[in-house]
Amino acid sequence: LLRQVSLSYFHRLFQPHFRMGACCAKTNVEDTDAGNGIKIHGAPVSTNSLSCIILAADLGKGGLEYCDLMSGAHKQPSFLKMNPFGQVPTMQDPDGFCCAESNTILRYLAVKHNSDLYPASDAKLRARIDWVMAAWSTSVYPKWAARVYPILGFAPDVSDKEKANKELKEALDNFAKAFVTSGSKFLAGNKLTIADYKVLPFLFGLSLPFVQKKSGVKLAPRLAQYVQDIMPLMKSSGILTSNGGWSVKEFVESKTDFPDFVGTSLVVGEGLASSGVQTGAAKKGETAAKVYAMPASANSVAAIVCAMDAGIGGMEFCNLMEGAHLKPEYLAKNAFHQIPLYEDSEGYCVAESTAILRHIATNYAPSLYPSTPQGKAMVDWAMDLMSGTIYDVLAVKVFYPVFDFAAPPEDQKAENAACLDLLAKYEQAFLAGGKKFVAGNNISIAEYK
C-alpha cells in the first residue's frame with residue numbers, strides 16, 4: 001500500500017491520531033500491537049499490511065508497529081536498513097531478521113511457527129495456496145486498487161469508471177472461477193490457510209455497502225458469504241471494523257465527500273471453480289510435466305528452465321496468438337487464461353511463475369530453495385519483488401516495449417532511471433556483502449525468476 005501516496009496527505013490524515021517523532025509508533029489497538037514480538041511495520045488502513053498484522057496477532061507472535069509515513073519514517077536509515085525499498089508492510093523479527101512483501105511475510109510466519117495454515121505435509125495444497133496469493137497480487141489487486149484507493153483518498157479517481165469496474169469484474173470473476181468452490185468456504189481446501197488471510201482484508205473492503213455505493217461494484221453473494229464465514233475464524237479480524245475511527249470500515253465510511261457512482265453497478269466475483277481442490281504429495285518420479293508457455297515470455301521461461309533443470313519435464317507450446325489459452329480445456333485448468341501453467345503427468349495444475357518455481361524446487365530440486373525459514377523468506381521476497389514492484393518497471397516500461405508487447409512510455413529515460421534505481425535497491429537487499437546469489441553461494445529459484 002501507499003507506494004504512490006503523497007506524504008503530505010498522510011501527514012494531514014494521521015497527525016491528529018498518532019504520536020509523531022518515533023520511526024514507528026504503536027497504535028492504540030492493544031490486541032494487534034507488536035509488543036515484544038514480531039513487528040509488522042505498516043498502517044491500520046493498509047490492506048496489504050493488515051493481512052500480516054492479523055496473522056501475526058492470531059498466532060500470538062506479534063502484530064502492528066505503526067510506521068509514520070507522514071514524517072518519512074520509511075525513508076529513514078533505520079527503516080531502509082530493514083527494507084531498502086522503503087515499503088510497508090515490512091516485518092522485523094525479534095532476532096533481527098527482516099523481510100517485506102505481504103505474501104513473503106505470511107509464508108514466513110507460517111513456516112517459522114510450524115503453522116498448519118501452510119501445511120508442509122501437503123505439497124499440492126501448498127502450491128494452491130501460493131497460486132491463490134500470487135494470483136491476487138498480480139491479477140486482482142491492481143484492479144481492486146483502481147476502484148477502492150480513490151475512495152480512501154490514496155489515489156486519484158479513474159477517468160473511465162465503468163471500464164475500471166468491468167476490469168475488476170473480469171479479474172474477480174476469474175478469481176472465483178479458479179478458487180471458489182461450492183463445497184468449501186475456504187479458498188484452498190477445507191480449512192483456513194494463509195491464502196484466506198491474504199485475501200480477506202480486500203474482500204472485506206468490497207463488502208462494505210459504502211464502498212459499493214461509491215464504486216459501483218458489489219460482491220457476488222458467494223464472496224459476500226465468504227467474508228461473513230471467514231472473519232469469525234480470525235480472532236484478530238476485528239481491527240478491520242473497529243479501531244478508534246481508523247479501521248478500514250471506519251476510515252472509508254468517513255469519506256462522505258466522495259461522489260456516489262452514477263451508472264449501472266456490476267456484481268463482481270461471480271462463478272465457481274469447475275473442480276475441487278487437489279491435495280496430497282507431489283508426483284514421485286515425475287518426468288513428463290508440462291509447462292504451458294511461450295518461449296518469448298520471461299515469466300514462462302523461468303518455469304520452463306527450472307522444470308528442465310530439475311529433469312521433470314519441459315515446455316508445452318501455448319500459442320496465445322491463436323487463442324490456445326482461451327479454449328475451454330485450457331480455461332478448465334486456469335480460469336485466468338494466462339501463462340505459464342504447470343501440469344504434472346497426473347493432471348495436477350498450478351499457475352503463476354513464483355508458485356510453479358516453489359513447487360518444483362520444494363518437491364524435485366530442494367537445493368534451489370533454502371531449508372531455513374529465513375533463507376526461504378529471502379528467496380520469496382526477491383521473487384515477489386520481481387513479480388510486482390520491479391516487474392512493473394523493468395518488464396512493462398523497459399522490456400515489453402522493445403519486444404513490442406506494449407507501447408513505449410512517454411519518458412523512456414525516466415523509466416530507465418527508475419529501473420536502475422530499483423535494481424540498485426535489489427542488489428542492496430539481496431546481494432550485499434559479497435553474496436554471489438540471493439541465497440548466498442548457491443543458486444536458487446530467485447535466480448530463475
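Visitor: In this predicted model, does S247 count as buried or exposed, and what is its relative accessibility?
Guide: The model is predicted, so the value is computed from its coordinates. S247 lies in the loop between α9 (221-230) and α10 (248-252). A residue is called buried when its relative accessible area is under 20%. S247 therefore counts as buried, its relative accessibility being 0%.

Visitor: Which residues does S247 touch, leaving aside those up to four places away in sequence?
Guide: A contact here requires heavy atoms within 4.5 Å. With residues up to four places away in sequence set aside, the partners of S247 are V45, I239, L240, T241 and S242.

Visitor: Which backbone oxygen does the side chain of S247 reach, and at what distance?
Guide: T241 is among the residues that S247 touches. A polar contact is a pair of N or O atoms within 3.5 Å. The side chain of S247 reaches the backbone oxygen of T241, at 3.1 Å.

Visitor: How many Å apart in space are S247 and P44, C-alpha to C-alpha?
Guide: In sequence, 203 residues separate S247 and P44. In space, their C-alpha to C-alpha distance is 6.2 Å.

Visitor: What is the omega of the cis peptide bond from V88 to P89, and where does P89 lie?
Guide: The cis bond from V88 to P89 has an omega near 5°. P89 is placed in the loop between α3 (77-82) and β3 (90-92).

Visitor: Which residue does a cis peptide bond join to P340?
Guide: P340 belongs to the loop between α12 (328-331) and β9 (341-343). Omega of the cis bond is about 5°, and the residue joined to P340 is I339.

Visitor: Is H337 buried or partly exposed?
Guide: H337 is found in the loop between α12 and β9. Its phi is near 45°, a positive value in a residue other than glycine. Buried requires a relative accessible area under 20%, and exposed requires over 50%. Because the relative accessible area of H337 is 23%, this residue is partly exposed.

Visitor: Is E352 buried or exposed?
Guide: E352 is not a glycine, yet its phi is positive, at about 75°. Its place is the loop between β10 (349-351) and α13 (353-364). Since the relative accessible area of E352 is 13%, the residue is buried.

Visitor: Which elements give two or more residues to the lining of the largest cavity?
Guide: The structure holds three cavities of 30 Å³ or more, and the largest contains about 110 Å³ of space. Its lining comprises 13 residues, of which Y118, R126, D130, R358 and T362 are the closest to its centre. The elements giving two or more residues to this lining are α4 (102-112), α5 (123-152) and α13.

Visitor: How many residues of the lining of the largest cavity are charged?
Guide: Asp, Glu, Lys and Arg count as charged. The lining of the largest cavity includes five nonpolar and three polar residues, and its charged residues number five.

Notes
Residues numbered from 1 in each chain as written. Predicted model: local features only at pLDDT ≥ 70, side-chain atom pairs only at ≥ 80, totals over all residues. Heavy atoms only, no water. Helix = DSSP H or I, 4+ residues; strand = E, 2+ residues; numbered from the N terminus. Buried < 20%, exposed > 50% of the residue type's maximum accessible area, 1.4 Å probe, protein only. Polar contact = N/O pair within 3.5 Å; in protein donor to acceptor, adjacent residues only side chain to side chain. 1 Å grid on protein atoms, 1.4 Å probe; cavity = no way out; pocket = protein on both sides within 12 Å on 5 of 7 lines; lining within 4 Å. Points joined across faces, edges and corners; volume = space filled by probe spheres on them.
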